[in-house]
Amino acid sequence: MKHLLIILLFLFFGCAQPLVFVRKQYNSSYQPNYTTSYNSANIKMEVLEAKNDDNINKIIFENIKELSNFIDSQNLTITNYNQLTNSFVDVYKNAKNSKPENNLKNWNFELESNVEFETEEFVNIGINYSTSYDDLHGFGGKRSLVFNKLTGAQLKSEDIFSNLHLVSKLVEAKFRAKYNVNAALSLNQQGYCFENNSFYLTNNIFFTIEGVKFLYNINEISSYEKGSFEVILTYQEIDKYLLIK
């Protein structure tokens with residue numbers, strides 16, 4: 001019986017297809033007067049799709065849909081990328097037609113997903129995005145998704161680190177040193193906006209050649225003008241807490 005189990009496991013894992021990503025492009029635009037800064041909408045997305053893992057594709061899509069925040073206030077059903085890009089243009093047209101003289105500043109949305117880091121055990125996907133709507137400031141950021149390559153499951157912080165409390169302390173120490181945070185004053189007294197005035201570990205975790213990067217996007221912990229914040233812990237510093245290699 002034991003030998004049979006070993007054979008079955010060998011067949012299952014030995015025949016498992018490697019995880020392969022393909023890059024696909026989804027665009028849509030409305031450009032009756034693109035030579036000016038009014039009355040045009042453009043959305044461009046380069047998306048990674050796994051050839052043999054629908055669960056990974058579903059999670060990537062749901063994250064991209066969430067980042068496409070023009071959908072939030074609309075009663076739209078979005079189930080694929082073509083619907084998403086077409087909806088961007090439709091929402092713009094509706095907004096333009098409700099504006100006096102049909103004048104509305106251009107809307108733009110650009111997104112690109114890439115493999116940031118990969119081992120035999122996991123793959124780290126990064127999603128870069130930027131938006132500009134009407135007279136609002138351009139806004140952008142980056143989101144990290146980490147997947148188990150064998151199961152296709154998304155890995156959360158507790159799946160990546162053995163002790164989140166200690167990792168958070170390490171990141172906070174690096175953060176305070178890098179950005180000259182005064183220990184005698186609270187974080188929020190120094191221009192930050194941490195909930196409960198207490199440092200927390202971001203969910204935006206990227207694996208790099210240098211180490212593990214913890215990224216706080218624009219507006220996440222401070223004002224728009226201060227931009228994003230990032231801290232890198234070297235593998236020497238973080239290795240004993242890593243559950244994945």
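## Partly exposed: what it means here

A residue counts as partly exposed when its relative accessible area falls between the buried range, under 20%, and the exposed range, over 50%. Take E46 in this predicted model: its relative accessible area is 26%, so E46 is partly exposed. R23, at 42%, is partly exposed too.

## Salt bridges

Side chains of opposite charge can pair when their charged atoms come close. The whole structure has 11 salt bridges. One of them joins E46 and R23, with N and O 3.5 Å apart. E46 sits in strand β2 (residues 41-50) and R23 in strand β1 (residues 21-30), so this pair ties together parts that are 23 residues apart in sequence.

Next up is R143 with E66, whose closest N and O atoms are 3.3 Å apart. That one links strand β5 (residues 139-148) to helix α2 (residues 54-67), across 77 residues.

## Aromatic rings

Now for the rings: there are 24 aromatic pairs. Take F194 and Y216: their ring centres are 6.4 Å apart and their planes meet at 75°, so the pair is edge-to-face. F194 is in the loop between α5 (164-178) and β6 (205-207), while Y216 is in strand β7 (residues 211-216), so the pair ties together parts 22 residues apart in sequence.

How accessible are these two? F194 is buried at 2%, and Y216 is buried at 0%. Both also belong to a cluster of linked ring pairs, along with others including F175 and F229.

## Charges over rings

K213 has its charged end over the ring of F206, 5.5 Å from the centre. K226 lies over the face of Y192, 5.6 Å from the ring centre.

Notes. Residues numbered from 1 in each chain as written. Predicted model: local features only at pLDDT ≥ 70, side-chain atom pairs only at ≥ 80, totals over all residues. Heavy atoms only, no water. Phe/Tyr/Trp six-rings, centres within 6.5 Å; stacked < 30°, edge-to-face > 60°. Helix = DSSP H or I, 4+ residues; strand = E, 2+ residues; numbered from the N terminus. Buried < 20%, exposed > 50% of the residue type's maximum accessible area, 1.4 Å probe, protein only. Lys NZ or Arg CZ within 6 Å of the ring centre and 35° of its normal. Salt bridge = Lys/Arg side-chain N within 4 Å of Asp/Glu carboxyl O.
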